[in-house]
Amino acid sequence: STTPRIGDILQKLAPFLKMYGEYVKNFDNAMELVKTWTERSPQFKFIIQDIQKEKVCGNLTLQHHMLEPVQRIPRYEMLLKDYLRKLPQDSLDRKDAEKSLEIISTAASHSNSAIRKMENLKKLLEIYEMLGEEEDIVNPSNELIKEGQILKLAARNTSAQERYLFL
């Protein structure tokens, strides 16, 4: 109680936050599954509604509770930055808090990267379906850089043909 600290505790627990990346990667799919089964199965819908009525749920939906872990790492990062701004420079906790922020920022970056990868794969899948599923482009190593209308100029004459390009 004489020298309160949190940096040392966060520093020990922060490496575990990287696991949130896996949760974030599967978040959209999980939300879609809940939506699908709520619409398809009256029994599932009833069970979910029944659980959501419980006092412990605080009148929040399942989807709201599922969103909490996605928001957790950015919230920790924001709170730790604020803590460091208000922490005196000579505080015993400064060094540990700075190291914790570094680790948490890495976890946040890892989480954001997982989101971007999933969004990229989702977009590639949409393009694959648009192209008639002939050329398999859905691959984690592939990345959509740009897409849009272009004009193709014919070599023999100066006529232009509209095309849609995926780069």
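Me: Which residue in E2 is the bridge partner of Glu 147?
Reply: The model is predicted. Strand E1 covers residues 147-153 and strand E2 covers residues 160-166, and the two pair in the antiparallel sense. In E2, Glu 147 has as its bridge partner Phe 166.

Me: How many residues lie between E1 and E2 in the hairpin?
Reply: E1 and E2 pair over 7 bridges, in the antiparallel sense. Together they form a hairpin. The number of residues between them is 6.

Me: Is Phe 16 buried or exposed?
Reply: Phe 16 sits in the loop between helix H1 (7-13) and helix H2 (20-40). With Ile 9, Leu 13 and Met 19, Phe 16 forms a nonpolar patch on the surface, about 440 Å² of accessible area together. The relative accessibility of Phe 16 is 52%, and the cut-off is over 50%. Phe 16 therefore counts as exposed.

Me: Which element gives the largest share of the largest nonpolar core?
Reply: The largest nonpolar core has 13 residues. Among those with the most contacts inside it are Ala 14, Leu 17, Ile 73 and Leu 84. Helix H4 (62-86) and helix H5 (94-130) are the elements that give two or more residues to this core. The largest share is 6 residues, and it comes from H5.

Me: Which residues does Leu 80 touch, not counting residues up to four places away in sequence?
Reply: Leu 80 is one of the residues with the most contacts inside the largest nonpolar core. Ala 97 and Ile 104 are also among them. With residues up to four places away in sequence not counted, Leu 80 touches Leu 10, Ala 97, Ser 100, Leu 101 and Ile 104.

Conventions
Residues are numbered from 1 along each chain as its sequence is written. This is a predicted model: local features need pLDDT of at least 70, side-chain atom pairs count only at pLDDT 80 or more; totals for chains, interfaces and linings use all residues. Side-chain values use heavy atoms; hydrogens and water are left out. Patches are made of residues with over 30% relative accessible area and no salt bridge: like charges are joined within 9 Å, nonpolar side chains (Val, Leu, Ile, Met, Phe, Trp, Tyr) within 5 Å. Accessible areas come from the Shrake-Rupley method with a 1.4 Å probe; for residues, only the protein chains shown count as cover. A salt bridge is a side-chain nitrogen of Lys or Arg within 4 Å of a carboxyl oxygen of Asp or Glu. Helices (H or I, at least four residues) and strands (E, at least two) are DSSP runs, numbered from the N terminus. Buried means under 20% relative accessible area, exposed over 50%, partly exposed in between (1.4 Å probe, protein chains only). A nonpolar core is a set of buried Ala, Val, Leu, Ile, Met, Phe, Trp, Tyr and Cys residues joined through side-chain atoms within 4.5 Å. Contact means heavy atoms within 4.5 Å. Two strands pair if DSSP finds at least two bridges between them.
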